[in-house]
Amino acid sequence: MSSLEQRIIDSVVELLRVTETRLPNDVLDVLKKSVSIEESQSAKAQLEAILKNVEVADKGSIPMCQDTGLIGFYVKLGDDFPIRSKLIELLNQAVRKATEKVPLRPNAIDPWTHKNTGDNTGRYIPIIHIDLVPGDELEITVMPKGGGSSYVAKLYSVPPVEGIKGMKKAVLDAAFKAGPLPCPPVIFGVGVGGTEDLVMFLAKKALLRPLNQRNPDPKIAEIEDELKEKINSLGIGPMGLGGKTYALGVNIEWAHRHPATFLVGVAIGCWAMRRGILRISKNGEAEIISHGVKL
Ligand code: SF4
């Protein structure tokens, strides 16, 4: 194994450790703000317990939730970065190593036999999406996705004649049905358009946008704000015990659609919205840019 390959494995293990133990600042900031917005004691208490949990995990470098998720990687592979198809095996090796080292809960189950592989790898797992981009760097974003929030993901086929109105109805329906199950407060990733596979990919990808970054399209940003307000007015509140904070944010990603379909995907990220970004140069310099950690 080359030194760059070893560097990638070790850096991804560290990326997984940092991501599992330190909540991104944008999510933390919104959680902190939510405490002052809440009036009910139970809602405040839930948020304060979450913040305490985050603090303990960070200080002790231990995962912030026992469900360390199914691991998903979103990779930008520079045209001139020297490692190509071998990257998939390196990411698998890193996940196996992180499962022992962080540690991560083994979460990859064979659906036919219910057997756990024990190392968080398996058929199509970890999930790996690779985009080829110009340049000589490798950028790896990781999003470990807990089962509670994936349990309530939804795909809707809205009559095209209903359009945006139907889309808003679908998102509210998803929120109402999710209720306390995904450990609220949560983040909504909404995919619009495309095909049945693409729209769910977009919904999940939408969760990668930090909460302090507005949608670049002002019309869509307005819809995101409107949906957030409407979802929060349902009164479900933190952990479903009532209150004003359910959606910490609503992020929309879209694609052009077929004339006969208007698909809407809803992915939900729980309060433990773990995401991290690692950048590696072809010389092996590595930094977890999402958390400001030089390796
Ligand atoms: S939904 Fe999130 S916070 Fe709740 S158990 Fe799953 S990973 Fe943990």
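Trainee: Why is arginine 279 called partly exposed, rather than buried or exposed?

Mentor: In this predicted model, arginine 279 has a relative accessibility of 32%. Buried would need a value under 20% and exposed a value over 50%, so arginine 279, at 32%, counts as partly exposed.

Trainee: What makes the contact between arginine 279 and glutamate 139 a salt bridge?

Mentor: The side chains of arginine 279 and glutamate 139 meet with 2.8 Å from N to O, and the cut-off for a nitrogen of Lys or Arg and a carboxyl oxygen of Asp or Glu is 4 Å, so the pair qualifies. The two partners come from distant parts of the chain, with arginine 279 in strand 8 (residues 276-280) and glutamate 139 in strand 3, 140 residues apart.

Trainee: How do you know that glutamate 139 also forms a salt bridge with lysine 76?

Mentor: The closest N and O atoms of glutamate 139 and lysine 76 are 3.9 Å apart, and because the limit is 4 Å, this pair counts as well.

Trainee: Why is glutamate 139 called buried, and why is lysine 76 called partly exposed?

Mentor: Glutamate 139 has a relative accessibility of 14%, which is under 20%, so it counts as buried. Lysine 76 has 41%, a value that lies between the limits of 20% and 50%, so lysine 76 counts as partly exposed.

Trainee: What makes lysine 177 and aspartate 173 a salt bridge, and where do the two residues lie?

Mentor: The closest N and O atoms of lysine 177 and aspartate 173 are 2.9 Å apart, which is within 4 Å, so the pair is a salt bridge. Both residues lie in helix 6 (residues 163-178), 4 residues apart, or about one turn of the helix. Aspartate 173 is partly exposed, with a relative accessible area of 24%.

Trainee: Which residues touch the most other members of the largest nonpolar core?

Mentor: The largest nonpolar core has 30 residues, and those touching the most other members are Ile8, Val12, Phe73, Leu138 and Ile140. At least two residues each are supplied by helix 1 (3-21), strand 1, helix 4 (86-101), strand 3, strand 8 and strand 9 (286-288), while the largest share, 8 residues, comes from helix 1. Valine 12, leaving aside its neighbours within four places in sequence, is in contact with Phe73, Leu91, Ala94, Ile140 and Leu278. Apart from this core lies another, of 26 residues, among them Ala170, Phe188, Tyr246 and Ile252.

Trainee: Which domains does the chain have, and how many residues of each are in contact with the other?

Mentor: The domain assignment gives domain 1 (3-22 + 64-146 + 274-294) and domain 2 (148-269). Their C-alpha centres lie 26 Å apart, and 9 residues of domain 1 are in contact with 12 residues of domain 2.

Trainee: How do you know that the shell around the ligand draws on domain 1 and domain 2?

Mentor: Each of the two domains gives at least three residues to the shell. The residues surrounding the ligand include Cys65, Asp67, Ser149, Pro182, Trp271 and Arg274, and the shell divides into 5 nonpolar, 4 polar and 2 charged residues.

Trainee: Why is histidine 114 called exposed, whereas asparagine 120 is called buried?

Mentor: Histidine 114 has a relative accessible area of 61%, which is over 50%, so it counts as exposed. Asparagine 120 has 1%, which is under 20%, so asparagine 120 counts as buried. Histidine 114 lies in the loop between helix 4 and strand 2, and asparagine 120 is found in the loop between helix 4 and strand 2. Histidine 114 has a positive phi of about 65° although it is not a glycine, and for asparagine 120 phi is likewise positive, at about 65°.

How values were computed
Residues numbered from 1 in each chain as written. Predicted model: local features only at pLDDT ≥ 70, side-chain atom pairs only at ≥ 80, totals over all residues. Heavy atoms only, no water. Buried < 20%, exposed > 50% of the residue type's maximum accessible area, 1.4 Å probe, protein only. Core = buried A, V, L, I, M, F, W, Y, C linked by side-chain atoms within 4.5 Å. Contact = heavy atoms within 4.5 Å. Near = heavy atom within 4 Å. Nonpolar A, V, L, I, M, F, W, Y, C, P; charged D, E, K, R; others polar. Domains from an automatic or database assignment.
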